[in-house]
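Keep the sequence and the model side by side as you read.

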Amino acid sequence: MSQVAIVTGGTRGIGAAISTMLKDNGFTVAAIYAGNDDRARRFNEETGISVYKWDVADYEACQAGCAQVAADLGPVDVLVNNAGITRDTTMHKMTHEMWQEVIDVNLGGCFNMSHAVFGGMRERKYGRIVNIGSINGQAGQYGQVNYAAAKSGIHGFTKALAQEGARANITVNAIAPGYIDTDMVSAVPEAVLEKIIAKIPVGRLGKASEIARGVLFLVSKDAGFVTGSTLSINGGQHMY
Ligand code: NDP
């Protein structure tokens with residue numbers, strides 16, 4: 001029987017590539033999105049992947065949403081915590097709201113979603129969780145204290161939950177992407193982007209499919225000895 005995978009932020013950018021890669025490799029996928037209905041509808045029409053709308057920062061919505069996915073598609077074997085946002089500015093201009101929103105979605109969402117599926121994975125003695133961190137959670141980044149803190153938190157979360165899941169055959173890993181060509185990176189001013197690319201040894205932005213390939217490896221059944229690790233996919237920009 002096909003394994004069921006939830007991919008948050010699964011209808012656009014890196015998440016869409018992950019959803020598609022998993023579907024093409026035999027998983028039944030539920031792609032979660034926040035509010036971009038047009039994009040989600042088109043993604044569903046183009047790929048046939050089921051889409052669900054809820055806010056990963058909302059604990060109750062995650063509980064209800066994951067229960068709905070399980071009722072529709074079957075017990076959840078794989079969770080990819082990919083949904084993320086940026087609210088960039090320097091510390092002295094950052095509002096408390098900008099801080100809280102990024103922590104709530106990027107890190108809170110990771111807890112809320114994992115909490116909703118972890119019990120079932122423990123009962124069935126199988127699970128694969130992959131959390132999408134960031135190079136900027138490893139190295140820090142000017143103008144991103146909120147984002148860097150949330151992503152750095154994801155790396156700690158991964159190592160702690162990996163220890164809890166190990167005996168139940170649940171692996172928990174992270175991927176730390178470098179700069180990937182998506183909407184999130186298009187929002188970076190061109191002059192800044194040029195400087196960033198100049199620091200990437202392979203001399204280009206990454207592709208969403210290159211992150212998806214890493215996810216596919218980490219969620220495979222025969223990757224059971226890989227847990228608590230962070231896979232950096234960044235063109236050599238930060239060798240951690
Ligand atoms: P995009 O901005 O292209 O897509 C973000 C996705 O997350 C969308 O599907 C969006 O839904 C969804 N989303 C946002 N907020 C919520 C929420 N509260 N609840 C549910 N879904 C939500 O992002 P990327 O593809 O660029 O990034 C994906 C992940 O990779 C993020 O965690 C990001 O931090 C990380 N990353 C990205 C890098 C890059 O260079 N692009 C580098 C390092 C890390 P909707 O379409 O409805 O808005």
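Seven strands make an open sheet, in the order β3-β2-β1-β4-β5-β6-β7, and the pairing is parallel. Strands here are DSSP runs of E with at least two residues, helices are runs of H or I with at least four, and both are numbered from the N terminus. Two strands pair if DSSP finds at least two bridges between them. The edges belong to β3 (50-53) and β7 (230-233), each with a single partner strand, so one side of each has no neighbour in the sheet. From one strand to the next, the twist averages 20°. Angles run from 0 to 180 degrees between N-to-C directions, with axes as lines fitted to C-alpha atoms, for helices over the stretch in contact.

This is a predicted model: local features need pLDDT of at least 70, side-chain atom pairs count only at pLDDT 80 or more, and totals for chains, interfaces and linings use all residues. Residues are numbered from 1 along each chain as its sequence is written.

Now look at one pair of strands. β1 (residues 4-8) runs parallel to β2 (residues 28-33), and 5 bridges join them. V7 stands opposite A31 in β2. A5 has V29 of β2 as its bridge partner.

How much of β2 is buried? The count is 6 of the 6 residues, so β2 is largely enclosed by the rest of the structure. Buried means that 20 or more other C-beta atoms lie within 10 Å of a residue's own; exposed means 12 or fewer, partly exposed is in between, and C-beta atoms are placed from the backbone. T28, A30 and I32 point one way from β2, while V29, A31 and Y33 point the other way.

F27 sits in the loop between α1 and β2. F27 counts as buried because it has 20 C-beta neighbours inside 10 Å. Beyond its neighbours within four places in sequence, F27 is in contact with S2, Q3, A5, L22 and V78. Contact means C-beta atoms, placed from the backbone, within 7 Å.

Helices come next. α3 (residues 59-73) lies across β1, β2, β3 and β4 (76-81), and runs at about 160° to β3. Helix α6 (residues 145-165) has 21 residues and reaches 30 Å from its first C-alpha to its last, close to the 30 Å expected. That expected span is 1.5 Å times one less than the number of residues. Buried residues of α6 include Y147, I154, F157 and L161. Their cover includes α4 (96-124), β5 (127-132), α5 (135-139), β6 (170-177) and β7.

G127 belongs to β5. G127 is buried, with 24 other C-beta atoms within 10 Å. Not counting residues up to four places away in sequence, G127 touches D77, M121, G165 and I170.

Notes. Contact = placed C-beta atoms within 7 Å.
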